[in-house]
Amino acid sequence: MARASGLVSIRIEIPGAVNSELSDLLIARYGLKRALAVDALPGGDTVLRNRLGETAARLLEEVVTADDVVGIGWARSAISVAEHVKSLPPCRIVQLTGALSRPDMD
């Protein structure tokens, strides 16, 4: 009754910047198990890197288990992912490549 009267509505939305149509096209085209395409908005590389980091962090939080080994390469994008991860199960995390020292990065 509540839905019929308009008091309650149910919507399924993909959070954040994920373009679900493009994601589905990538999966179909390349035979992937999972793909997330992120829409770019005005604001330059920093804004895009932040959106990518947030999306990747949510994905990691969803798929990583205690039995996994997560490999991380050095990049500003990887730093953005780390800044957005809220929680992961106890798992092994390994560095895949060396670090590039920059004065503006911790």
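Q: Which residues in helix 3 meet helix 4, and which residues in helix 4 do they meet?

A: In this predicted model, the residues of helix 3 that take part are Arg49, Asn50, Gly53, Glu54, Ala56, Ala57, Arg58, Leu60 and Glu61. Their partners in helix 4 are Arg76, Ser77, Ser80, Val81 and His84.

Q: How many residues of this contact are nonpolar, polar and charged?

A: The contact of helix 3 with helix 4 comprises four nonpolar, five polar and five charged residues.

Q: Which residues of helix 3 are buried, and what do they pack against?

A: The buried residues are Arg49, Arg51, Gly53, Thr55 and Ala57. The buried residues of helix 3 pack against helix 4, which covers residues 76–84. In the chain, buried residues account for 15% of the 106 residues.

Q: How is a pair of packed helices described?

A: Two quantities are used: the angle between the axes and the distance between them. Here, the axes of helix 3 and helix 4 come within 7 Å and cross at roughly 55°. Helix 3 is therefore oblique to helix 4. The crossing of helix 3 past helix 4 is right-handed.

Q: What is the reach of helix 3 from its first C-alpha to its last?

A: Helix 3 spans residues 44–63, a total of 20 residues, and reaches 29 Å between those two atoms. This is close to the 28 Å expected at 1.5 Å a residue.

Q: Where do these helices stand in the order of elements in the chain?

A: The chain contains four helices and two strands.

How values were computed. Residues numbered from 1 in each chain as written. Predicted model: local features only at pLDDT ≥ 70, side-chain atom pairs only at ≥ 80, totals over all residues. Heavy atoms only, no water. Expected span 1.5 Å × (residues − 1). Buried < 20%, exposed > 50% of the residue type's maximum accessible area, 1.4 Å probe, protein only. Contact = heavy atoms within 4.5 Å. Axes fitted to C-alpha atoms, helices over the stretch in contact; angles between N-to-C directions. Parallel < 35°, antiparallel > 145°, perpendicular 65-115°, else oblique. Left-handed = near helix turned anticlockwise from the far one by under 90°. Nonpolar A, V, L, I, M, F, W, Y, C, P; charged D, E, K, R; others polar.
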